[in-house]
Amino acid sequence: MPHEDSTSGQLEALGFTDRFRALFAPYADEGLVPARVVRADKGFLAIATAEEVAHAKVATKLMKTAEDADAMPAVGDWVAVRADAELEVPLVEAVLPRSSAFMRGDPGRASVAQVLAANVDTVLIVHPLDREPNVRRIERELALAWDSGATPAIVLTKADLAEDIEAALEAVGRVALGVDVHATSIVDGRGIEALHAYARDGATVAFIGPSGAGKSSLVNALVGEDVRATREVRATDARGRHTTVTRELVPLPGGGVLLDTPGLRAVAMWDAEEGLSRVFEDVEAYASECRFRDCRHELEPGCAVRAAVEDGELPAERLESYLKLRAESERASAAADVRAKLAEKREHKTLAKTIKRYYKDQKGG
Ligand SMILES: Nc1nc2c(ncn2[C@@H]2O[C@H](COP(=O)(O)OP(=O)(O)OP(=O)(O)O)[C@@H](O)[C@H]2O)c(=O)[nH]1
Ligand SMILES: [Mg+2]
Ligand SMILES: [Zn+2]
């Protein structure tokens, strides 16, 4: 059927792989259609099906079963949608299991994770070269990116304004072990072409990084058209105004999907133990030589990590940064545990109530 071919091609361009096709199969039997969330902000949801981009709502059933905020549809999610003609808006009934999820701590609620982007293949961590690179922030973003299940790469923008590109690349290279680092400029075009490779074969590329770093500018450069608003960063307003306010999927003409995000003032750490191990491979490499197998590299005797710092083999800032992010990650993880226990308790209570009511009804009736 030619019709079906053309529409399934549309979904593939949006990143609908065989994996998602298989995950979706049971929903097809229920008469639902597959769609990708292209925007999700404060209750507003927009999805792309094979046919159209439409405003959608979360079905009450999903709302009730999604205990945690991270189970609700986030931008980049593949969802099963009921789009019957009699419905005013399509209803999202299920979120397909994610291949990756970029999470951060919810700034409003300490123990809650927020999914900033789902089903991302590459996370591009974007920082500008018109100032010294903030390597501490890069480490944090790298940890979250690795932990998401996606592969990170770093893009240093505004190379045309850089004072010393080599020094910046070196500083970033020291904290971005095993990660590609690009220098780009939308003014002279350098480095942009290389970024296209990440979006090949329907892959999804997310842009994260501080406000004013040039994320939306990169999206525009890759699309070849100004699809995203960008804005001058005023010198007097060092914090930068946020130009991008929505997280949004932008399909590339040749296939592949870009996910632009608003610059975040702060990226709260989430439970990202595995990601931290990836980022701090250099620190953890010494850990096997520590006297105690469970050494925390704090005050224990015979700590090989601290010894490496004292010998000048490992920069002290690296260890400091590692310990700080590990503490944040552990706090987030502990808080999440407490929350899970409370939720469990609540569930038991309601179950007990239901059972009581059942017996009462039995007696009464
Ligand atoms: N000179 C120079 N300026 C750039 C470059 N890339 C972006 N800019 C400028 O930097 C400013 C901010 O760019 P945006 O793309 O809006 O930054 P953003 O990261 O999307 O910012 P938010 O949406 O607030 O998170 C704009 O004025 C851009 O024109 C570059 O390579 N060179
Ligand atoms: Mg932007
Ligand atoms: Zn140690």
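Student: Why is Glu30 called partly exposed?
Tutor: Buried means under 20% relative accessible area, exposed means over 50%, and partly exposed lies in between (1.4 Å probe, protein chains only). Glu30 has a relative accessible area of 44%, and is therefore partly exposed. Please note that this is a predicted model, in which local features need pLDDT of at least 70 and side-chain atom pairs count only at pLDDT 80 or more, while totals for chains, interfaces and linings use all residues. Residues are numbered from 1 along each chain as its sequence is written, chains are lettered from A and ligands numbered from 1 in the order in which they are written, and side-chain values use heavy atoms, with hydrogens and water left out.

Student: Where is Glu30 placed?
Tutor: Glu30 belongs to the loop between α2 and β1 (33-41). Helices (H or I, at least four residues) and strands (E, at least two) are DSSP runs, numbered from the N terminus. In sequence Glu30 and Ala80 are 50 residues apart, yet their C-alpha atoms are 9.7 Å apart in space.

Student: How do you know that the span of helix α2 is close to the expected one?
Tutor: The expected span is 1.5 Å times one less than the number of residues. Helix α2 (residues 18-29) has 12 residues; the expected value is 16 Å, and the helix reaches 17 Å from its first C-alpha to its last. After α2 comes Gly31, with a positive phi near 85 degrees.

Student: What makes the zinc ion (ligand 3) tetrahedral in its arrangement?
Tutor: Donors are N, O and S atoms within 2.8 Å of the metal (3.2 Å for Na, K and Ca); water is not among the atoms, so sites may look incomplete. Here Cys290 (SG), Cys295 (SG), His297 (ND1) and Cys303 (SG) coordinate the zinc ion (ligand 3) at 2.2 to 2.4 Å. Four donors count as tetrahedral if all angles lie between 85 and 135 degrees. The 4 donor atoms subtend angles of 104 to 113 degrees, so the arrangement is tetrahedral. The ideal angle for four tetrahedral donors is 109.5 degrees.

Student: Why is His297 called buried?
Tutor: The relative accessible area of His297 is 5%, which places this residue in the buried class. Cys303, at 8%, is buried as well, and Cys295 counts as buried at 9%. His297 is found in the loop between α9 (281-287) and α10 (304-310), and its phi, near 60 degrees, is positive although the residue is not glycine.

Student: Why is Asp201 called exposed?
Tutor: Asp201 has a relative accessible area of 77%, and the class of exposed residues therefore includes it. Its place is the loop between α6 (192-196) and β11 (204-208). Asp201 too has a positive phi, near 55 degrees, in a residue other than glycine. Most residues other than glycine have a negative phi.

Student: Which residues touch the most other members of the largest nonpolar core?
Tutor: A nonpolar core is a set of buried Ala, Val, Leu, Ile, Met, Phe, Trp, Tyr and Cys residues joined through side-chain atoms within 4.5 Å. The largest has 71 residues, and Phe102, Val123, Leu142 and Ile154 touch the most other members. Helix α4 (residues 135-148) gives the most to this core, with 7 residues. Another core, of 18 residues, lies apart from it and includes Ala199 and Leu258. In soluble globular proteins, nonpolar side chains tend to be buried together.

Definitions and conventions: Four donors count as tetrahedral if all angles lie between 85 and 135 degrees; four count as square planar and six as octahedral if opposite donors are over 155 degrees apart and all others between 65 and 115; anything else is irregular.
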